[in-house]
Amino acid sequence: MFFEIKNIVVAYDSVTALNDVSIKMEEGQIIALIGANGAGKTTLLRAATSLVPVQKGSITFNDVDITDMKSELIVREGITMVPEGRQIYPYMSVKDNMLMGAYLRNDKAGIRDDLDRLYQLFPRVKERMKQQAGTLSGGEQQMVAICRALMARPKLLFMDEPSLGLAPIVIREIANVILEINKSDNLSIVLVEQNSRMALRISSYAYVLETGKMALEGDSKKLVKDPHIVKLYLGG
Ligand SMILES: Nc1ncnc2c1ncn2[C@@H]1O[C@H](COP(=O)(O)OP(=O)(O)OP(=O)(O)O)[C@@H](O)[C@H]1O
Ligand SMILES: [Mg+2]
């Protein structure tokens, strides 16, 4: 299996945030993880990148056990996160933000090639490469956060609510970008979203977290029609 989380338990002090949660995915897939505020979506991504400890269960990537691996080594294995709230460096230029994503690399030519390629893929980012990142619009900042993560040349990308706070037209643009990078690089993506409609539209398989437990999973096309999903997550 390309990426697999098996029966993990994560707690903050005495509060259990994830209880016996499992997911798996094949290479090249986009899978969605949906759920309400506080369901444990960010915690799952943080656990998978060792930003919070896992009490029970295991996480494997390309058959390597990464459960207790240091975060930096996990990046080297090929997993990168586009964090919730983007967390770009506001006082740095767009280009320097992107270069921060390549901090573990020392292949200068490859880094230059990747910058060029991303500028082609994101013309709006290229136009603004010298601009201070904090002065960009929310949608542009999200693009920069995605570019920064791609500069690490990941094999698996975690995206934590890329649509958060963006206008519908910008959300569509971000959704298209996600589909594009998935296709052009066969990049595998775990997409965490509260925008369930968008997430189910662009993913092939989806998981639904409810207060720390996996409530439901299935093909995204099927879940879109599932009465429970329609009622609770699609405003039906
Ligand atoms: N550092 C922390 N210390 C204590 N409790 C935490 C911490 N981080 C998260 N939690 C708790 O764990 C639970 C899951 O939080 P998490 O951030 O994973 O949810 P989420 O699904 O990402 O929500 P949202 O959609 O609002 O981002 C929540 O009850 C939250 O209060
Ligand atoms: Mg979250």
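1. Helices (H or I, at least four residues) and strands (E, at least two) are taken here as DSSP runs, numbered from the N terminus, and the expected span of a helix is 1.5 Å times one less than its number of residues. On that basis helix α6, residues 138–150, has 13 residues and reaches 18 Å from its first C-alpha to its last, close to the 18 Å expected at 1.5 Å a residue.

2. This is a predicted model, in which local features need pLDDT of at least 70 and side-chain atom pairs count only at pLDDT 80 or more, while totals for chains, interfaces and linings use all residues. Residues are numbered from 1 along each chain as its sequence is written, and chains are lettered from A and ligands numbered from 1 in the order in which they are written.

3. Helix α6 is mostly covered, with 11 of its 13 residues buried (20 or more other C-beta atoms within 10 Å of the residue's own, C-beta atoms being placed from the backbone). Among them are Met143, Val144, Ile146 and Leu150.

4. The protein contains 10 helices and 10 strands. Its radius of gyration (taken over C-alpha atoms) is 17 Å, close to the 18 Å that the globule rule (2.2 Å times the number of residues to the power 0.38) gives for 236 residues, so the protein is as compact as a globular protein of that length. Of the 236 residues, 42% count as buried.

5. The C-alpha atoms of the protein fill a box of roughly 45 × 40 × 30 Å, taken along the principal axes.

Terms used: Buried ≥ 20, exposed ≤ 12 C-beta atoms within 10 Å, placed from the backbone.
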